[in-house]
Amino acid sequence: MILDVLANSHLYGGLPRLAAGLAWLQNTDLDGVPLGKTVLDGDRLFALVQEYTPKPATVGKFEAHRRYWDIQYVARGIERMGWNTLARMTVSESHSDERDVAFFHGPGDFFLVPAGSFAIFGPHDVHMPGVALEQPHHSDTLVRKIVLKVEM
């Protein structure tokens, strides 16, 4: 798992497809990208643009992917994300090849991802995105997030 700000995207040039995704984030008017899927490089690299109100951790699910790495970039708002290693979790729903996702139970460490920041999750990372801040006055904050799906 990597947690960083977009201004440091140049540090990831050794991973070409991750670098391409970060460059797209940096060079694109993200408010102008419509909600839904935007194809950048066929099935190898695409963006899923979302807007939502984060949910309590009690209703969230830990997930992991096999085919794609996630770059989860918060363009507007702030949310928490949970993380743990695959080895420390228990499968609750087996991997679906069609959806490239499996779900898990177990503990996780939670961290804040404010606007302008991103988290990168690989196949060994179990993560819970879209989690509301613990303070009640932040629970209704609308988040605009771009999830880049990066085939490695």
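Here is a friendly talk about the fold and the aromatic pairs of a predicted model.

Local features are given at pLDDT of at least 70 and side-chain atom pairs at pLDDT 80 or more, while totals for chains, interfaces and linings use all residues. Residues are numbered from 1 along each chain as its sequence is written, and side-chain values use heavy atoms, with hydrogens and water left out.

Trainee: Which strands stand at the edges of the open sheet of 6 strands?

Mentor: Two strands pair if DSSP finds at least two bridges between them. With antiparallel pairing, the order is β1-β10-β5-β12-β3-β2. An edge strand has a single partner, so one side of it is left without a neighbour in the sheet. The edge strands are β1 and β2 (36-41).

Trainee: Which strands does α1 touch as it packs on the sheet?

Mentor: Contact means heavy atoms within 4.5 Å. The direction of α1 makes about 155 degrees with that of β12, where axes are lines fitted to C-alpha atoms, for helices over the stretch in contact, and angles run from 0 to 180 degrees between N-to-C directions. The strands touched by α1 are β2, β3, β5, β10 and β12.

Trainee: How many residues apart are Tyr12 and Phe118, which form an aromatic pair?

Mentor: Rings of Phe, Tyr and Trp (its six-membered ring) pair if their centres lie within 6.5 Å; planes under 30 degrees apart count as stacked, over 60 as edge-to-face and the rest as tilted. Tyr12 and Phe118 are edge-to-face, at 6.1 Å centre to centre and 80 degrees between the planes. Tyr12 sits in the loop between β1 (2-5) and α1 (16-27), and Phe118 in strand β10 (residues 117-121).

Trainee: Are Phe46 and Tyr68 buried or exposed?

Mentor: Their ring centres are 5.4 Å apart with planes at 75 degrees, so this pair is edge-to-face. Phe46 belongs to strand β3 (residues 45-52) and Tyr68 to strand β5 (residues 68-76). Buried means under 20% relative accessible area, exposed over 50%, partly exposed in between (1.4 Å probe, protein chains only). Both Phe46 and Tyr68 are buried.

Trainee: Which residue stands opposite Tyr68 in β12?

Mentor: β5 and strand β12 (residues 143-151) run antiparallel and are joined by 8 bridges. Opposite Tyr68 stands Glu151.

Key:
Helix = DSSP H or I, 4+ residues; strand = E, 2+ residues; numbered from the N terminus.
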